[in-house]
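Please examine the sequence and the structure shown below.

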Amino acid sequence: ETGVTQTPRHLVMGMTNKKSLKCEQHLGHNAMYWYKQSAKKPLELMFVYNFKEQTENNSVPSRFSPECPNSSHLFLHLHTLQPEDSALYLCASSQEVKAGGPGEQFFGPGTRLTVL
Amino acid sequence: QQPVQSPQAVILREGEDAVINCSSSKALYSVHWYRQKHGEAPVFLMILLKGGEQKGHEKISASFNEKKQQSSLYLTASQLSYSGTYFCGTARGGADGLTFGKGTHLIIQP
């Protein structure tokens, strides 16, 4: 148990569906991240929220839309996904200082997404 | 720019040592090391900041050569529990996330 929870743990959706992934951290951290992990690629950074502001969008397609309403919650809204978007989506949090780079990252268990 | 990890895979007997390398073509602020077991989330091992420091955690230690932008993870007297995939993640400073290497698969056999 890392203090970062993700729901749902598994999700199967069609290409026309709209769904959302939820992440919550109970560690008092001020930065949250979405990563994508697929079978043939390394962990890929998708989005960074630092002090509730989105500071990085790593060339992610617009069919992925993040939302960070406060420093404890992070969402990833999904719509019109493609089968190649099937992957494990990991949320992480850390305590950052603005000029100091990312600190130790605590990962949630992930959501295993399958797009049919 | 994704860091390059080597080797891609290692098979060891329990008690043997291993070294995993991570190199970048860009100047780095820090290097992170994580271990991920099958079906689980990555777990933090250690951070090395620029300055060439070396850190240790029980029988796992690491170094960061700032001049070469290289980091190495040392696992001594490996235990069965060390099996998993090891990732290095690099940061160039600022309020960014990490860029991860492709991982090194470590298998420890009894």
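With -70° about the S-S bond, the disulfide of A:Cys23 and A:Cys91 is left-handed; a disulfide is here a pair of cysteine sulfur atoms within 2.5 Å. A:Cys23 belongs to strand 3 (residues 18–25) of chain A and A:Cys91 to strand 9 (residues 87–94) of chain A, so the pair ties together parts that are 68 residues apart in sequence. Strands are DSSP runs (E, at least two residues), numbered from the N terminus, and helices are such runs of H or I with at least four residues. The two sulfur atoms of A:Cys23 and A:Cys91 lie 1.9 Å apart.

The model is predicted: local features need pLDDT of at least 70 and side-chain atom pairs count only at pLDDT 80 or more, whereas totals for chains, interfaces and linings use all residues. Residues are numbered from 1 along each chain as its sequence is written, chains are lettered from A and ligands numbered from 1 in the order in which they are written, and side-chain values use heavy atoms, with hydrogens and water left out.

Over all chains, the count comes to two disulfides. The other bond joins B:Cys22 to B:Cys88, with an S to S distance of 2.0 Å, and is right-handed, with 70° about the S-S bond. B:Cys22 lies in strand 3 (residues 18–23) of chain B and B:Cys88 in strand 9 (residues 84–91) of chain B, 66 residues apart, and the pair thus links distant parts of the chain.

Are these cysteines buried or exposed? Both A:Cys23 and A:Cys91 are buried, where buried means under 20% relative accessible area, exposed over 50%, and partly exposed in between (1.4 Å probe, protein chains only). In chain B, B:Cys22 counts as buried at 3% relative accessibility, and B:Cys88 is buried at 0%.

The contact between the chains (heavy atoms within 4.5 Å) takes 22 residues from chain A and 20 residues from chain B. About 1700 Å² is buried between chain A and chain B, and carbon and sulfur atoms give 61% of this area. Buried area is the accessible area (1.4 Å probe) that two parts lose on being put together, summed over both. Of the area that chain A buries against chain B, A:Pro42, A:Leu43 and A:Pro102 supply 30%, more than any other three residues.

Two loop residues complete the picture. A:His29 sits in the loop between strand 3 and strand 4 (31–37) of chain A and is buried, with a relative accessible area of 11%. Leaving aside neighbours within four places in sequence, A:His29 is in contact with A:Ser71, A:Ser93, A:Ser94, A:Gln95 and A:Phe106. In chain B, B:Ser83 is found in the loop between strand 8 (70–75) and strand 9. B:Ser83 and B:Ile107 are 24 residues apart along the chain, yet their C-alpha atoms are separated by 4.9 Å. Not counting residues up to four places away in sequence, B:Ser83 touches B:Arg35, B:Lys37, B:Leu106, B:Ile107 and B:Ile108.
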